[in-house]
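Colleague: I'm still new to reading structures, and I'd like to take one part slowly. Could you pick out a charged residue, tell me what sits around it, and go on from there?

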Amino acid sequence: MSKTLRILAIESSCDETAAAVVEQGRIVKSNVISTQIPLHTLYGGVVPEIASRKHIERINQVIREALRQADCTLDDIDAVGVTYGPGLVGALLVGLSAAKAICFARDLPLIGVHHIEGHISANYIQDPQLAPPFLCLVVSGGHTHLVEVEDYGVYRILGRTRDDAAGEAFDKVARAIGLGYPGGPKIEQAAKEGDPLAIPFPVAKVSGGPFDFSFSGLKSAVLNYLHGAQQRGERIDTNDVAASFQKAVIDALAGRAAAAIDELGAKKFALAGGVAANGALREAMRQACRERDVAFYYPEPLLCTDNAAMIGAAAYYEYLAGRRDGWALNAVPDLALGER
Ligand code: KG4
Ligand code: ZN
């Protein structure tokens, strides 16, 4: 029997300092996440300089804890996988430098991982049977992509947002209605008490790209609604705004995703990224998949938002494909998916 490949994975692209130990790309031995959310909440969003500083303070402890929880030491690690883009450059550099230092000291292979590839790969952990090809909707704070996963590490982007990412829209609208950061979970909670049909916010149509998205018009529509209501002295029902906004986002996401499933004749569909933790989005996609007899996959909430286990899963398949990075590997804030 071949030896188990054990990867130490590191993620520090935004506001979570994370490390994990993953075996064979699918078995999570530990998944440690030190979140900075309470800190950034004070400022209404992620402050890049503070994020970098906190990553530096926490990275060594987080890595040590991931090894401890996995009941192993660096002697048991076969390779190190690390997010090198996209993300905040200062934040990425902290995880990348830690990974390089470990690889240099221990003579281990270094594997750079694309953050979105990590999000997609969270599905491999959740469902050990899932294998490409499948269609994936990646919805996070920085990205909204409809991706055809042709094989492990082989992606074809069918559509993307032309402006704001879905999670960014959640965060901006949450701030406008006074719910704070991060907006997604707070809007989801408020929406449960509201009427999704109370305010008919527009679902943007994007010309020229059947699977592209646009959320900045929706964000402006919410802001205009709030200003108009304030000027008229009307009471604003925050729950109704949250529910109506969430419905507009989900209609756009689910509508395009369903159209892509039909066009490609996809048999498997997966959600990925922080917004995939949203229960209403999951329900909409579960129904769309059921109606089409398509298998539906989604990671548990902890694997949807930023974590290092997903980076370990992605790194495993990159390792099998022969990827090895050198000391020149740099942080790439705007790294494109599929770019090497
Ligand atoms: O994937 P992620 O942790 O970080 C990025 O790579 O961007 O995604 C964070 C985003 C934030 O915008 C957050 O508001 C959103 O995911 N989010 C949600 C939910 N949980 C997190 N959006 C909607 N509903 C949720 N339950
Ligand atoms: Zn992310």
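Modeller: Arg282 is buried yet has no salt bridge, and the nearest side chain of opposite charge, Glu188, is 7.2 Å away. Buried here means under 20% relative accessible area, while exposed is over 50% and partly exposed is in between, using a 1.4 Å probe and protein chains only. A salt bridge would need a side-chain nitrogen of Lys or Arg within 4 Å of a carboxyl oxygen of Asp or Glu. For charge, Lys and Arg count as positive and Asp and Glu as negative, with His and the chain ends not counted.

Keep in mind that this is a predicted model, where local features need pLDDT of at least 70 and side-chain atom pairs count only at pLDDT 80 or more, while totals for chains, interfaces and linings use all residues. Residues are numbered from 1 along each chain as its sequence is written, chains are lettered from A and ligands numbered from 1 in the order in which they are written, and side-chain values use heavy atoms, leaving out hydrogens and water.

Back to Arg282: you'll find it in helix H9, residues 279-292 (helices are DSSP runs of H or I with at least four residues, strands are runs of E with at least two, and both are numbered from the N terminus). Its side chain reaches the backbone oxygen of Ala276 at 2.7 Å. Not counting residues up to four places away in sequence, Arg282 touches several others, including Phe296, Tyr298 and Cys304; contact means heavy atoms within 4.5 Å.

Now try Asp306, in the loop between helix H10 (301-304) and helix H11 (309-320). Asp306 is also buried without a salt bridge, and Arg58, the nearest side chain of opposite charge, is 13 Å away. What does the side chain of Asp306 make a polar contact with? One partner is the side chain of His119, at 3.0 Å, and another is the side chain of His115, also at 3.0 Å. A polar contact is a pair of N or O atoms within 3.5 Å; within protein, one must be able to donate a hydrogen and the other to accept it, and residues adjacent in sequence count only if both atoms are side-chain atoms.

The closest of the 20 residues surrounding ligand 1 include His119 and Glu188, where near means a heavy atom within 4 Å.
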